[in-house]
Amino acid sequence: MLDVNVLIAALLARDGAPARLLLRWLAGDFELIISDKLLSELGRALSYPKLRSRISRDDASAFVELLESAATKAPDPDERKQRSRDAGDDYILALASSTSAVVVSGDRDLLDLRAELPIYSPQEFHSRLDQSTP
Amino acid sequence: MRKVRTTLTLDEEVMRLVKVRAARQGKGDSEVIEESLRRDLGLELLDRLWSGDQLSEEQAMQLALEAQHSTRSRRRG
């Protein structure tokens with residue numbers, strides 16, 4: 001799973017690891033899991049005023065539609081167990097757990113859980129893909 | 001970007017429409033097919049977004065985190 005911050009960062013910096021991950025997903029190098037909650041959070045975050053000059057409303061909608069059409073949608077689990085310092089991240093952890101997915105995030109609150117859970121920074125996950133791709 | 005030569009097997013009707021569109025738009029068949037694929041694969045959208053002023057990877061992540069957390073707080077509040 002790519003956290004909302006990774007998806008947005010991918011749109012803002014063509015040369016960064018998040019953008020490279022987005023292209024690798026489009027090329028079929030890994031399966032991207034999304035959910036209704038993740039798409040809702042992405043939609044809200046994309047409407048953040050400071051992003052508007054860089055990502056138009058139409059492009060934001062088109063990006064959400066691209067994810068809806070090409071990513072794998074999973075149901076959000078009911079689980080409400082608090083695992084992250086930021087309770088707002090818990091739905092991501094619950095979804096990752098229910099789908100056996102790894103989480104890729106730039107959020108320190110999640111990255112600090114790396115010892116316990118399969119969570120990677122965009123750079124780390126990109127390196128893992130490089131190692132696993134012949 | 002470097003081009004590669006490839007061979008595709010397409011439905012006859014699809015190819016006919018490609019040729020019609022190519023003729024109307026004064027483009028080659030390959031260009032029409034590539035444009036359609038870029039659109040369908042999401043590359044057209046990314047090309048458009050990435051054609052503007054680019055942030056560094058670190059700046060992009062900071063702004064993305066700010067957008068994610070600010071809109072979360074607003075929702076809860």
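This is a predicted model: local features need pLDDT of at least 70, side-chain atom pairs count only at pLDDT 80 or more; totals for chains, interfaces and linings use all residues.
Figure 1. The secondary structure of chain A consists of eight helices and four strands. The C-alpha trace of chain A extends over about 40 × 40 × 25 Å along its principal axes.

**Figure 2. Burial and contacts within chain A.** Buried residues make up 37% of the 134 residues of chain A. Among the contacts in chain A with a separation of 6 or more, 58% are between residues 24 or more positions apart.

**Figure 3. The largest nonpolar core.** This core comprises 47 residues. Those with the most contacts inside the core are A:Ile8, A:Ala9, A:Leu12 and A:Leu21 from chain A, together with B:Ala64 from chain B. Helix α1 of chain A, residues 4-12, provides the largest share of the core, namely eight residues.

**Figure 4. Surroundings of A:Ile8.** A:Ile8 is among the residues with the most contacts inside the largest nonpolar core. When residues up to four places away in sequence are left out of account, A:Ile8 touches A:Ala45 and A:Leu46 in chain A, and B:Ala64 and B:Ala67 in chain B.

**Figure 5. The contact between chains A and B.** Chain A contributes 28 residues to the contact, and chain B contributes 22 residues. On the side of chain A that touches chain B, at least two residues are supplied by each of α1, α2 (17-26), α3 (36-46), α4 (49-52) and α5 (57-70). The largest share of that side, six residues, belongs to α1(A). By residue class, the side of chain A that touches chain B contains 16 nonpolar, four polar and eight charged residues.

**Figure 6. The loop at A:Ser100.** A:Ser100 is located in the loop that joins α6 (90-99) to β3 (103-104) of chain A. The phi angle of A:Ser100 is near 55°, a positive value in a residue other than glycine. A:Ser100 has 8 C-beta neighbours inside 10 Å. A residue counts as exposed if 12 or fewer other C-beta atoms lie within 10 Å of its own, and A:Ser100 is therefore classed as exposed.

Notes:
Residues are numbered from 1 along each chain as its sequence is written. Chains are lettered from A and ligands numbered from 1 in the order in which they are written. A nonpolar core is a set of buried Ala, Val, Leu, Ile, Met, Phe, Trp, Tyr and Cys residues joined through C-beta atoms within 7 Å. A residue is buried if 20 or more other C-beta atoms lie within 10 Å of its own, exposed if 12 or fewer, and partly exposed in between; C-beta atoms are placed from the backbone. Two residues are in contact if their C-beta atoms, placed from the backbone, lie within 7 Å. Ala, Val, Leu, Ile, Met, Phe, Trp, Tyr, Cys and Pro count as nonpolar, Asp, Glu, Lys and Arg as charged, and the others, Gly among them, as polar.
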